[in-house]
Amino acid sequence: MSWLSNLEAKPDPNFKDESPKVADPSIPDRMVSTKRANRPFLAYKEYRDQQQQLHNAWLVRKKERDEKIARGEEVGREEPDPTAEREVGVVELLKLLVYTLLFIMLAGKFIAGDFFWGYEGKWTNLKTYWPSNQRLFSEGYLAKFDGSDAEKPIYLAIDGDVYDVSSNRRVYGPGGSYHIMAGKDAARAYGTGCFQAHQTHDLRGLSEKELKSVNHWKQFFANHKTYFKVGRVSHPPIDPASSIPEHCDPKKA
């Protein structure tokens with residue numbers, strides 16, 4: 001293809017390299033041009049030569065120090081090799097992480113007007129990392145946080161764990177689609193889907209599939225970006241002789 005051959009670079013017979021010449025650092029008795037294409041190699045070779053000179057000088061000082069030690073003379077602190085590659089330790093990694101986070105936060109403040117780039121989830125809430133204020137609820141006390149009082153947060157429990165779901169008051173507050181779950185531990189309902197009939201924490205008799213459903217919802221609340229665990233609810237012991245809640249068809253419930 002003739003048009004491709006026309007694109008091939010052809011040497012200019014009239015070109016003359018007038019760049020200064022220096023000794024080739026790799027091959028003695030040879031001169032090389034300092035043209036732009038050669039400069040990175042020449043600079044790197046110069047750097048390596050300087051490093052080698054520093055290392056050789058350090059070896060001399062180290063030998064002198066070892067000889068003094070052998071003669072029983074006092075010596076100062078051992079000098080580290082100035083050319084040794086520095087190992088990155090845990091402290092350096094932590095510093096890098098902190099600096100990176102600070103940079104991201106400052107960039108967020110400058111660009112988005114917020115250190116966290118507008119994120120308002122659980123990971124920026126101190127309660128996520130310091131859960132020392134978690135409480136032990138009785139069933140009666142937990143019932144006071146069902147959303148009826150607008151001045152109080154909304155809590156619900158699942159299998160004993162109590163979560164603050166106030167960030168979704170529209171769903172869990174009065175008139176919400178899941179208001180029936182607020183202020184109580186209705187763990188069984190999360191497994192069976194019978195939210196009216198199974199308002200109890202009693203999980204006896206559930207199938208493996210239903211228990212997996214309960215566990216799924218437990219993980220949902222535990223990992224939710226705006227819900228927070230605030231404590232545990234203490235239930236009276238279930239009498240083993242008591243009857244197991246009747247099976248419920250969620251489609252008919």
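**View 1. H224, a buried residue in a loop.** At 18% relative accessibility, H224 counts as buried, because buried means under 20% relative accessible area, with exposed over 50% and partly exposed in between (1.4 Å probe, protein chains only). H224 lies in the loop between helix 7 (208-223) and strand 6 (228-234); here helices (H or I, at least four residues) and strands (E, at least two) are DSSP runs, numbered from the N terminus. The side chain of H224 reaches the backbone nitrogen of T226 at 3.0 Å.

This is a predicted model, in which local features need pLDDT of at least 70 and side-chain atom pairs count only at pLDDT 80 or more, while totals for chains, interfaces and linings use all residues. Residues are numbered from 1 along each chain as its sequence is written, and side-chain values use heavy atoms, with hydrogens and water left out.

**View 2. The whole chain and its confidence.** The chain holds 7 helices and 6 strands, and 23% of its 253 residues count as buried. Its mean pLDDT, the predictor's confidence in each residue from 0 to 100, is 85, and 85% of the residues reach 70 or more. Among the elements of the chain, strand 4 (residues 155-158) has the highest mean pLDDT, 97, whereas helix 1 (residues 2-7) has the lowest, 53. Where pLDDT is low, the predicted coordinates should not be read in detail.

**View 3. The largest nonpolar core.** A nonpolar core is a set of buried Ala, Val, Leu, Ile, Met, Phe, Trp, Tyr and Cys residues joined through side-chain atoms within 4.5 Å. The largest one has 15 residues, of which L156, I158, V165, Y172, Y190 and F221 touch the most other members. Strand 4, helix 5 (169-172) and helix 6 (187-192) each supply at least two residues of this core, and helix 6 gives the most, with 3 residues. Not counting residues up to four places away in sequence, I158 touches Y163, D185, A187, Y190, V214, W217, K218 and F221, where contact means heavy atoms within 4.5 Å.

**View 4. The disulfide of C194 and C248.** A disulfide, counted here as a pair of cysteine sulfur atoms within 2.5 Å, is formed by C194 and C248, whose sulfur atoms are 2.3 Å apart. The pair links distant parts of the chain, for C194 sits in the loop between helix 6 and helix 7 and C248 in the segment after strand 6, 54 residues apart. C194 counts as buried at 0% relative accessibility, and C248 is buried too, with a relative accessible area of 11%.

Note on methods: Polar contact = N/O pair within 3.5 Å; in protein donor to acceptor, adjacent residues only side chain to side chain.
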